[in-house]
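The following exercises are to be worked with the sequence and the coordinates at hand. Each task is followed by a solution in steps.

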Amino acid sequence: MAERKSKKSIARRLPIHDFQDDIVADVRRSKALVVVGYTGSGKTTQLPQFLYEAVCSKHGMIGVTQPRRVAALSVAARVAQEMKCTLGREVGYQVRFDDCTSQDTQIKYMTDGCLLREFLDDRELSRYSVIILDEAHERSLDTDILFGLMKEKFLREEEDSVRRHQLKVVVMSATLDSGKFSKFFNSCPVFEIPGKLFPVKDVYCNMIKPEDVKNPSYCSQAVRVVMDIHTDQPQGDILVFLTGQAEIEKTCDILYKKSEELDYREDVRDPDVTSLLILPVYGSMPTEQQQRIFSPADSGVRKCIVATNIAGTSLTIDGIRYVVDSGFVKQLSYNPRTGLDTLQVVPISKSEAIQRAGRAGRTAPGRCYRLYNREFYDQCMPEDMLPEIQRTSLTSVVLSLKSMGIHNVLRFHYLDPPEERMLLEALKQLFYFDAIDRSGRVTPLGRLLVQYPLPPGLARAVISSGSHGCQDLLLPIAAMLSVENVFIRPAEGKKQVEAQQCHQRLAHLAGGSNDFTTLLTVFQKSKESDSPARWCRENYIHWRGVKMALSIHQQLQGILDKQTQSADFPRQKLAGSQSELLRRALCDGFFNHIARRSATGRSFRTMDGHASTVFIHPSSVLFGEEAQLDWVIFHEVVWTSKVYMRTVCPVRYSWVQDLLPKLHQLDLSSLSGCQLISDEPTPTAQDVHKPLLGGQEASSSLIP
Ligand code: ADP
Ligand code: MG
């Protein structure tokens, strides 16, 4: 009891505390429970502690999943602090490439992707007593898959009369549409944490109109609104919703300047709020910075948090009275036109807009400044977002499921099934990479691929590099591709020019021939330097990105080393320089991201059957060199005014010649022109790939 008290002196009393006993009783009583409570009611930080204090942890760990990495890290840190233990001991976290847990860990926060990987090794999750699927309303792809896997496990337990291991599941959501989750788990009980928000006044700023939907300029608008709030409105912190790291940093830069200018203008200062403390928040934010967003500002200082959607429901920041909503979010979507996953800035949904506004009314009445107008809200914002499973590529997930022995991926227990077309596309991709065979079974190569926390294509490039003997060049690149863009591009002025020159110099150092080797050079140069952090600063490179890449590199090296020790590891010695071997390994991983320059102009056509028109991104070292190029592969595309390929490498046709037939049963002799690939999806795709789904025999092996 004394323990409980001291804890609450740190975590002030939250709405959920009134229901501790009820919730624990519910969890004891039923195998599954849905808990609904508005953001900040204490679900994520408190509920696992309730269960820990009750008996649950005697039978295994309490695992809590989060769709976002930052949330897992910061919440674990908070709970460790509340429980007065060292992070990594009783309370730990695990996110991709970063495991901070130990033998003692009882409460483990992790990304949903990490738990998915644990299922690969142990489908019974025997180390756990309870799994808490948090932020279920976000409907992230991996959380959705976890739903299905948990259901499967339950069905297995029902059949198993011995009942050795009984796992419980708690689903937590910040929105009220919990019926679906409950129904999924056999209409399990729902616990609603009562509570309400203070009124939030909506202010439509009329700056973004329906016609701006394709090209909104919300950064400068957001700055204007923030400065107006700061000068006109009484105390209370500000939370700005933008869409991504680069623009958040840009916006913060401008805000720093503006607030400095303001310090000289005595006339506009509110005597109670003298200055503005500007804090960026985004997914790849370094851990040291995270804690600052939660600490209350000094008296007289107004906090202004500039965040991605992460501050929507994943992180609860106290003291927010003003929300500035851009109305947009950056979203990964599969684009059927190009056949690629693209990061796109799209309007948020109406329910998301309501969530964002709610952040202003947690502890007192607040205001939400919507940069858009009412028409934009009515016409451009959908009611709800499509769940990720229905809009992104499923390649990794399908490989994971198949590796767990779930062969018939069409009949898996989906909360909302993805379109069949998308599953077929994933199977096709896996077939391209030789991860599955014609009958849809995971191949020996597929078993190697699934061990990497990387997309299958990149994992395949890693394995090829091991097999060709150029892993020293490729592994750093794979690591650099796994972190966010490391190139700092200042918003304007002299610094922008300087940064550009620095980046050009680095590209030149790398040989100036492709963007992948520029990444390699950044990795090597910073690693060799006496002070990598300083080197990065001087070269306009994000040190934290590089630092992360250094650690990822070691982990990838570890996996590859283990694999190459096995006699079964595929080995293929090729003639050629290291640089050529590197490019060939890249081809093995990205041959489905291949484009050929059109006969005229700067545009390229993708050659994977979609034949979409794409361009080289202006940040590429090959931008402006298009006339010299023929075939290129690329890492990803971004879609702004055009579809741009980012991180590009020229390749020889002879390197991909043997790979391309896998992409489409094309008559290669006619590959001299570009129009031969039809825009239409192959009508027989279904039939051709039917076996990949697992036929009769496969469906009977599916666990009921
Ligand atoms: P919910 O999951 O219901 O949205 P949380 O458990 O995340 O609620 O938050 C409960 C309280 O804990 C909030 O007041 C929030 O500000 C605080 N909190 C959460 N994470 C941290 C952190 N890393 N540092 C400080 N306070 C935190
Ligand atoms: Mg939460």
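**Exercise 1.** Determine which residues C188 is in contact with, leaving aside its neighbours within four places in sequence.

*Solution.* Step 1: apply the contact criterion, by which the C-beta atoms of two residues, placed from the backbone, lie within 7 Å. Beyond the excluded neighbours, C188 then contacts S30, A32, L33, V34 and S182. Step 2: compare sequence with space for one of these pairs. C188 and L33 are separated by 155 residues in sequence, yet their C-alpha atoms are 5.8 Å apart. Step 3: place C188 in the fold. C188 belongs to the loop between α7 (179-184) and β8, where helices (H or I, at least four residues) and strands (E, at least two) are DSSP runs numbered from the N terminus. Step 4: assign the exposure class. A residue is buried if 20 or more other C-beta atoms lie within 10 Å of its own, exposed if 12 or fewer, and partly exposed in between, with C-beta atoms placed from the backbone. C188 has 18 C-beta neighbours inside 10 Å and therefore counts as partly exposed.

The model is predicted: local features need pLDDT of at least 70, side-chain atom pairs count only at pLDDT 80 or more, and totals for chains, interfaces and linings use all residues. Residues are numbered from 1 along each chain as its sequence is written, while chains are lettered from A and ligands numbered from 1 in the order in which they are written.

**Exercise 2.** State the strand order of the open sheet of eight strands and identify which strands stand at its edges.

*Solution.* Step 1: two strands pair if DSSP finds at least two bridges between them. The order is β4-β3-β5-β2-β6-β7-β1-β8, and the pairing is mixed. Step 2: β4 (98-100) and β8 (190-192) each have a single partner strand, so one side of each lacks a neighbour in the sheet. Step 3: inspect one edge. β3 (residues 91-95) and β4 run antiparallel and are joined by three bridges, with V95 opposite D98 of β4. Helix α6 (residues 141-159) lies across β2, β6 (128-133) and β7 (168-173), at about 140 degrees to β6; axes are lines fitted to C-alpha atoms, for helices over the stretch in contact, and angles run from 0 to 180 degrees between N-to-C directions.

**Exercise 3.** Repeat the analysis for the open sheet of six strands.

*Solution.* Step 1: this sheet has parallel pairing and the order β9-β16-β13-β10-β12-β11. Step 2: its edges are β9 (200-208) and β11 (275-281); each has a single partner strand, so one side of each is left without a neighbour in the sheet. The twist from one strand to the next averages 20 degrees. Step 3: β10 (residues 237-241) and β13 (residues 320-325) pair over five parallel bridges, and I238 has Y322 of β13 as its bridge partner. Step 4: helix α11 (residues 350-358) lies across β9, β10, β13 and β16, at about 150 degrees to β13.

**Exercise 4.** Characterise the packing of helix α16 (residues 456-468) with helix α22 (residues 578-590).

*Solution.* Step 1: the two axes come within 7 Å and cross at roughly 145 degrees. Step 2: the contact is made by G457, L458, R460, A461, S464, S465 and H468 of α16, together with L581, R584, A585, L586, D588, G589 and F590 of α22. Step 3: by class, this contact comprises six nonpolar, five polar and three charged residues.

Note on methods: Nonpolar A, V, L, I, M, F, W, Y, C, P; charged D, E, K, R; others polar.
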